[in-house]
Amino acid sequence: MADCIRLGVIGCGNAFRQLHLPALTACADVRIVAACDSVPERAKETGAPRIFRDYRELLALPDVDAVDICMPTFLHKTMIVEALRAGKHVFCEKPDARNAEEMEEIAEAAHASGRVLMVMRNNRFLETSQFLKAQVDAGAMGKIYLARCGWIRRRGIPGRGGWITTKAKAGGGPLIDLGIHMIDLAVWLMGNPRPVTATGVAYREFADNMATPDSRHAGFGERVENGVFDVEDLAAGFVRFDNGACLQVECSWASNIKRETRYVNLLGNRAGAEWRDNSLEIFSQVGDRVVDIAPRFVNREEGHGANLRHFFDVLQGKAQPEYSVEQGLNVMRIIDGIYRSAAQGKEVSL
C-alpha cells in the first residue's frame, strides 16, 4: 500500500457527510479520488476530482485502492462483493448485511479476495470501550457469564415510511439498526464466544404514532409520507453461547421510557461493569469490601473517526484488524435468530 491511500466513496448522504467525511478530512494520508452518488451535487461535496452516478464505473478505476460504502442496507451485500472482486479494500457502514445468508456470501468473497473488509464498529473504538476490553483481556473481570445490552429510545423512528422501515430493504427495525451496535460491543467484550441458540420477541406498537422525535439520531433516512412500516419498533432477545455465557438484548426506536440510552452490562465472577452512553463504571471487591470504580476519560469523541483511522492503519500495515468477517457473521446470526424466534414463538438454533 502506498503512503497515500486513494479512496473511492460510494454514497454521500447524511451518514457519510456527518460521520465519515470529517474523519476522512483529518487523515493526511488519505485522498478521495472518486465519489459516487445518485445526486451528483452531494458527491461533489467530497472534493473528489471524478464524480459518478454508477458505482461500477468507480470500481473499474485502477487507481482506487479502497472504497468507503455508505449506502442503504439492501445494497451492502452486492456492493461489498463486487468491490472485493474488483480488488478493492472495503470499509462499509453498518449493518453488514440484511441477514446471515447475505453475510455468508460476503464472507466467501472476502476470503477469496485477500483484501481487507471492515464494517463500522465505532463503539469498539471509544476510550471507554477500549479500557474495558483491556480489563477483560487482562482477566480483571474473571469469567463473564452474563451480559445485557440495548439501545432504547423514547421516540426516535428514523426515515419513517422509507427504506429504513421497509423489511425487504432494511432487514428489520431497531434490532438490526441499533442492536448491531450494542450486540457487537457486548459480544466483543465477552471475547467473541460463538452463539448457539436465541429466543426473541418483536413488537410494532408505534407505526401510527406521529409524536415528534426526541432522538438526535432520528434524522437519518428520508421520511416518506404514507410509506411502508412493516418492521418492529421494539425487539428483545436472549442468546446462549458455546462457553455457557448468556446475553440479554433490548432495542427500540420508540417506547414509553424516561430517556434514550445505550448500554452494555457485564457480570464476571471477579468484577462487573456498566458501559452506558459512553461512560463506564466497574464493580469489584477488595478483600471483604465491595468497591465501585469510575475511571476518568479525556477523549469522549465518537468512535467513527477512530474506526476509519484503524482501517487505514491496517491497510498500511500499522495495525492488526479488530474486526473479522466471522465476527460480523456471528452478530448477523444472533439478529437472524431473534427474528426467527419471534416469528416462531420458540427458541431456535443458530
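**How the helices and the sheet are arranged**

Helix 5 and helix 11 lie roughly antiparallel to each other, because angles over 145 degrees count that way. This is a predicted model, where local features need pLDDT of at least 70, side-chain atom pairs count only at pLDDT 80 or more, and totals for chains, interfaces and linings use all residues. Residues are numbered from 1 along each chain as its sequence is written, and side-chain values use heavy atoms, leaving out hydrogens and water.

**Helix 5 with helix 11**
- The axes (lines fitted to C-alpha atoms over the stretch in contact, with angles from 0 to 180 degrees between N-to-C directions) of helix 5 and helix 11 (residues 325-344) come within 9 Å and cross at roughly 170 degrees.
- Helices here are DSSP runs of H or I with at least four residues, and strands are E runs of at least two, numbered from the N terminus.
- The contact (heavy atoms within 4.5 Å) includes Met103 and His111 of helix 5, and Leu329 and Arg333 of helix 11.

**Helix 5 with helix 4**
- Helix 4 (residues 76-85) and helix 5 (residues 100-113) have axes that come within 9 Å and cross at roughly 10 degrees.
- That makes helix 4 roughly parallel to helix 5 (angles under 35 degrees).
- Among the residues touching are Ile80 and Leu84 of helix 4, and Ile106 and Ala109 of helix 5.

- Strand 1 (residues 5-10) is joined to strand 2 (residues 30-36) by 6 bridges, and Val9 stands opposite Ala35 in strand 2.

Technical notes. Parallel < 35°, antiparallel > 145°, perpendicular 65-115°, else oblique. Pairing = 2+ DSSP bridges.
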